[in-house]
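Hello,

Here is the structure I promised to pass on. Please take a look, then read my notes below.

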Amino acid sequence: MQQPIPNSQFLIPYCLHLADTTIILSQRNSEWCGHGPILEQDIAITNISLDLLGQSRNFYQYAAELISQKNGNIVTEDSLAYLREATEFKNLLLAELPRGDWGNTILRQYLFSEFQFILFEQLKNHADTQLAAIAAKGIKETTYHIRWSKEWVIRLGDGTAESHDRIKAALSMLWAYTDELFIPAEYEVNLGIDFDILKKIWLEKVMAVFEEATLSIPENIVMHTGGKNGLHTSELELILAEMQQLQRTYPGAEW
């Protein structure tokens with residue numbers, strides 16, 4: 001059954017949510033540029049950062065178009081990325097958490113990419129053709145992100161005692177932020193996304209990988225949410241201070 005095309009009241013914040021999440025995760029991953037464990041993986045994580053940045057641009061451009069049509073004010077992808085305050089950002093908390101060690105970065109990317117792929121599979125058939133087109137374009141990239149990060153999760157989890165302990169520690173910290181993936185914000189409720197199916201498929205895929213990696217889901221974890229509605233950790237302000245510095249210092253600057 002095809003979803004009705006949502007009005008801009010819901011579509012604008014949803015596009016901003018998708019754009020904010022990918023640009024903040026891109027920013028976090030880019031911190032590895034020049035610092036990866038080996039050159040090949042340094043290049044891989046940098047390329048993934050660029051893929052995420054490209055996805056965020058597509059969502060920001062569409063959001064800017066919708067906002068401009070609705071309000072009559074000219075809004076650009078740059079103003080949405082560089083001139084909004086932390087409380088206006090709607091990214092997942094998972095994306096803004098500190099980079100941590102290699103195991104932390106790998107596991108976060110895997111958990112997010114597995115979710116993003118399933119989400120894009122739903123969105124590629126969405127009644128809103130622009131949203132569907134952006135999702136369809138991102139599927140090929142996300143497929144690679146899953147394959148690359150999944151191999152690393154298994155390698156670290158089923159590797160040495162130290163690598164296992166490190167990724168186990170990363171799992172204990174990151175898992176507390178995974179519920180937010182599947183709890184719809186108010187602007188997501190009317191978009192025709194089946195979050196129950198998303199969670200079911202995601203858990204099946206993640207559990208299969210964890211079995212190979214000899215990892216178990218942590219128990220008695222207190223879950224954290226709020227990012228979708230602008231409630232963030234102090235880490236986001238630090239990210240934005242660096243990311244927005246040029247536009248804040250020289251408004252309207254262009255290359």
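Is Arg166 buried, partly exposed or exposed? Arg166 is partly exposed, with a relative accessible area of 43%. (Buried means under 20%, exposed over 50%, partly exposed in between, with a 1.4 Å probe and protein chains only.)

The model is predicted: local features need pLDDT of at least 70, side-chain atom pairs count only at pLDDT 80 or more, and totals for chains, interfaces and linings use all residues. Residues are numbered from 1 along each chain as its sequence is written, and side-chain values use heavy atoms, leaving out hydrogens and water.

Now the salt bridges. There are ten in the structure, each a side-chain nitrogen of Lys or Arg within 4 Å of a carboxyl oxygen of Asp or Glu.

- Arg166 pairs with Asp101 at 3.0 Å, N to O. Arg166 sits in helix H7 (residues 161-174) and Asp101 in the loop between H4 and H5, 65 residues apart. Asp101 is partly exposed too, at 25%.
- Arg84 pairs with Asp20, with the closest N and O atoms 2.9 Å apart. Both residues are buried.
- Arg28, Glu31 and Glu235 form a salt-bridge network.

Helices here are DSSP runs (H or I, at least four residues), numbered from the N terminus.

Next, helix H5. This helix covers residues 102-123. Of its 22 residues, 20 are buried, so H5 is largely enclosed by the rest of the structure. Asp101 caps its N-terminal end: a side-chain oxygen lies 3.2 Å from the backbone nitrogen of Gly103.

Best wishes

Note on methods: Helices (H or I, at least four residues) and strands (E, at least two) are DSSP runs, numbered from the N terminus. The expected span of a helix is 1.5 Å times one less than its number of residues. A polar contact is a pair of N or O atoms within 3.5 Å; within protein, one must be able to donate a hydrogen and the other to accept it, and residues adjacent in sequence count only if both atoms are side-chain atoms.
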